[in-house]
Amino acid sequence: MSTQESLIPPEATKLIGTEQARAAGIVEKKQFQRWAAAVKDRNPLYFDADFARAHGYRDVIAPPLYVQYVTLGITDPDALRPDGTPGGGAGDIPLPACPRRMAGGENWQFHAPLYDGDVITATRRIEDITEKSGRSGRFVLVTWLASYRNAGGELVAEARSSMIARP
Amino acid sequence: MADQTYFEDINVGDAIPTLAVTVDETQMFFFSAATYNGHRIHYDKTWATEVEGYPNILVHGPLQAALLARAVTDWAGPDGRLVSYAIQNRASAFPGEELRFVGTVTGKRDEGADSGSAADHGAADHGAADHGRGLVDLEIRGEKGEAQVLMPGTATVSLPKRG
């Protein structure tokens, strides 16, 4: 039997370490309150400015996990894939041998609270693309590191996330 | 919710209150809207069952993650802060199922020089007397049914000290 061919083509390997996306957005109180309402998270730190001030904040704060939505762009409904997801993201990594994709995990570090009006810039770098072998066979693990900075350049949050791609 | 948890009152092995939630289609619609998520698997039952082969539409992984974080921040109280939060997506959840979000304290330590970021958090540094803070590590998970794990993870929370 010949040596198994790698699941990761050279075009994918050369993306390791590169910045895959950069986007900016403004934290908007009504948007993060809608998100919290959809989660049924009625934490008064997100809704009641007097309460938030009494606990050391200068205004209501955004729920920590909301930061990932601040920089979402505009999607053209006519440009969606058949399943309703936009292109880009994981789809930009050429792994033709591994069409089955699933979310792995995410690991967040929160450094500072987010307030209405904060301008956030997110950058996403491909940290690693490696082949692994598990109980259900070979797969590719892709790891990203997303960094979120405010207008002053202060790091407010970081997230390491992963995706599993299978043949 | 407005009750405060203090560092001194926490012991390794303590469980946080379980958050039990049954997500319905309406909540899923609002979560899709709030996150600008057009993925059909979360609203198009025909697509989810006939094309993707699931028994029903799927509760969003990020909604499960948000509910699990809510269980932690509800417990931590208004002067607690979520410092780190890590989860893995393990299994699918469907509307109408009872989901439970749970956590157990696995460690506690002083918020010393080795954990500078939490001290720079920029809040809760005025107002009530500041008696310092400590970090508490948790093992957390979302589950359903007979303890089927949907989403295992870990979290670290900064809690105020009574002084």
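**View 1. The buried side of helix 2 in chain A.** In this predicted model, helix 2 of chain A covers residues 29-39, and its buried residues are Phe32(A), Trp35(A), Ala36(A), Ala38(A) and Val39(A). Look down the axis of helix 2 of chain A and these buried residues fall within an arc of 160°, so they line one face of the helix. The background here is simple: an α-helix has 3.6 residues a turn, so residues three or four places apart point the same way.

**View 2. Where chain A meets chain B.** Here 32 residues of chain A are in contact with 39 residues of chain B. On the chain A side, helix 2, helix 3 and strand 2 (100-110) are the elements that each give two or more residues. Strand 2 of chain A has the largest share of that side, with eight residues. Sort the chain A side by class and you get 17 nonpolar, eleven polar and four charged residues.

**View 3. A strand pair across the two chains.** Which residue of strand 2 of chain B is the bridge partner of Trp108(A)? That's Tyr85(B).

**View 4. The largest nonpolar core.** This core has 78 residues, and the ones with the most contacts inside it are Val67(A), Leu67(B), Leu68(B), Val72(B) and Val157(B). Helix 3 of chain B (residues 61-76) puts in the largest share, ten residues. Domain 1 and domain 2 of chain B both give residues to the core, so it lies between them. Now zoom in on Val72(B): leaving aside residues up to four places away in sequence, it touches Ile16(B), Leu82(B), Gly103(B), Leu138(B), Ile140(B), Ala155(B) and Val157(B).

**View 5. The two domains of chain B.** Domain 1 comes in two pieces, 7-22 and 59-160, while domain 2 is 24-58. How many residues does each domain of chain B put into their contact? Domain 1 gives nine and domain 2 gives twelve. By class, the domain 1 side of this contact has five nonpolar and four polar residues, with no charged ones.

Conventions:
Residues numbered from 1 in each chain as written. Chains lettered and ligands numbered in written order. Predicted model: local features only at pLDDT ≥ 70, side-chain atom pairs only at ≥ 80, totals over all residues. Core = buried A, V, L, I, M, F, W, Y, C linked by C-beta atoms within 7 Å. Buried ≥ 20, exposed ≤ 12 C-beta atoms within 10 Å, placed from the backbone. Helix = DSSP H or I, 4+ residues; strand = E, 2+ residues; numbered from the N terminus. Domains from an automatic or database assignment. Contact = placed C-beta atoms within 7 Å. Arc of directions from axis to C-beta. Nonpolar A, V, L, I, M, F, W, Y, C, P; charged D, E, K, R; others polar. Pairing = 2+ DSSP bridges.
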